[in-house]
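Subject: Structure handover

Hello,

Please find the structure below, followed by notes on what turned up in it. Could you read the notes with the model open beside them?

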Amino acid sequence: GYIMKPLIKWFTGIGALLMLLIGVGILAITIYGFINSSIFLGDANIKNTVLYIMLTVSLAIIVGSALGIYGICKEKAKMICAFQIIVIVFLVIFIGVAIGLTFLPNAFFNGDC
């Protein structure tokens, strides 16, 4: 138990920092998408819906990683628990999206993929 606590803090810290970077990256892509909306082809409503979903996801990831980082720094178990739940939820979501984009590219991109 003596070595486990720093190890758990380290791994959770790395995970939270990576999650923060991913969240900021998605946020940056989303902001770029809003500014340069002409790069997207197709229906404006679908484009805006996708951008708003990306905005929501990026903010949720940033908030989740902030919870994890705060929880580690202050050693608050509830914050770390909330962070881990958010990690699991997004893991399931991203695996689902990856499977969907692997098996349904023609449905998403009208056969242009």
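Y2, I3, M4, L7, I8, W10, F11, I14, L18 and L21 form a nonpolar surface patch of about 1,200 Å². A patch is built from residues with over 30% relative accessible area and no salt bridge, joining like charges within 9 Å and nonpolar side chains (Val, Leu, Ile, Met, Phe, Trp, Tyr) within 5 Å. Areas come from the Shrake-Rupley method with a 1.4 Å probe, and for residues only the protein chains shown count as cover. One of the patch residues, M4, lies in helix α1, which covers residues 4-35. M4 counts as partly exposed because its relative accessibility is 45%; the term spans the range between buried (under 20% relative accessible area) and exposed (over 50%), with a 1.4 Å probe and protein chains only.

Before going further, some notes on the source. This is a predicted model, in which local features need pLDDT of at least 70 and side-chain atom pairs count only at pLDDT 80 or more, while totals for chains, interfaces and linings use all residues. Residues are numbered from 1 along each chain as its sequence is written, and side-chain values use heavy atoms, with hydrogens and water left out.

The overall picture

The protein chain has four helices and zero strands, so its elements run α-α-α-α from the N terminus on, where helices (H or I, at least four residues) and strands (E, at least two) are DSSP runs numbered from the N terminus. Of the 113 residues in the protein chain, 19% are buried. The accessible surface of the protein chain is about 8,200 Å², and carbon and sulfur atoms hold 77% of that. Among contacts in the protein chain with a separation of 6 or more, 64% are between residues 24 or more positions apart; a contact means heavy atoms within 4.5 Å.

The core

Which residues make up the largest nonpolar core? There are six: A16, M19, I26, I61, F83 and F90. Such a core is a set of buried Ala, Val, Leu, Ile, Met, Phe, Trp, Tyr and Cys residues joined through side-chain atoms within 4.5 Å. Two or more residues of this core come from each of α1 and α3, and α1 gives the most, with three. In soluble globular proteins, nonpolar side chains tend to be buried together.

Leaving out residues up to four places away in sequence, M19 touches I61, G64, S65, F83, I86 and V87. I61 belongs to helix α2 and is buried, because its relative accessible area is 3%. With neighbours within four places in sequence set aside, I61 is in contact with M19, I22, G23, I26, F90 and F94. The C-alpha atoms of I61 and F83 are 9.5 Å apart in space, and the two residues are 22 apart in sequence.

V57 is also in helix α2, and at 23% relative accessible area V57 is partly exposed. V57 touches F90 and F94, not counting residues up to four places away in sequence.

The salt bridge and E75

How many salt bridges does a search of the whole structure find? The search finds one, between K9 and E75, whose closest N and O atoms are 3.0 Å apart. A salt bridge here is a side-chain nitrogen of Lys or Arg within 4 Å of a carboxyl oxygen of Asp or Glu. K9 lies in helix α1 and E75 in the loop between α2 and α3, so the pair ties together parts that are 66 residues apart in sequence. K9 is partly exposed at 32% relative accessibility, and E75 is partly exposed at 45%.

The loop that holds E75 runs between α2 (44-74) and α3 (77-103). Phi of E75 is near 55°, a positive value in a residue other than glycine. Most residues other than glycine have a negative phi.

Cysteines

The whole structure has zero disulfides, a disulfide being a pair of cysteine sulfur atoms within 2.5 Å. C73 is exposed, with a relative accessible area of 61%, whereas C81 is partly exposed at 42%.

Regards
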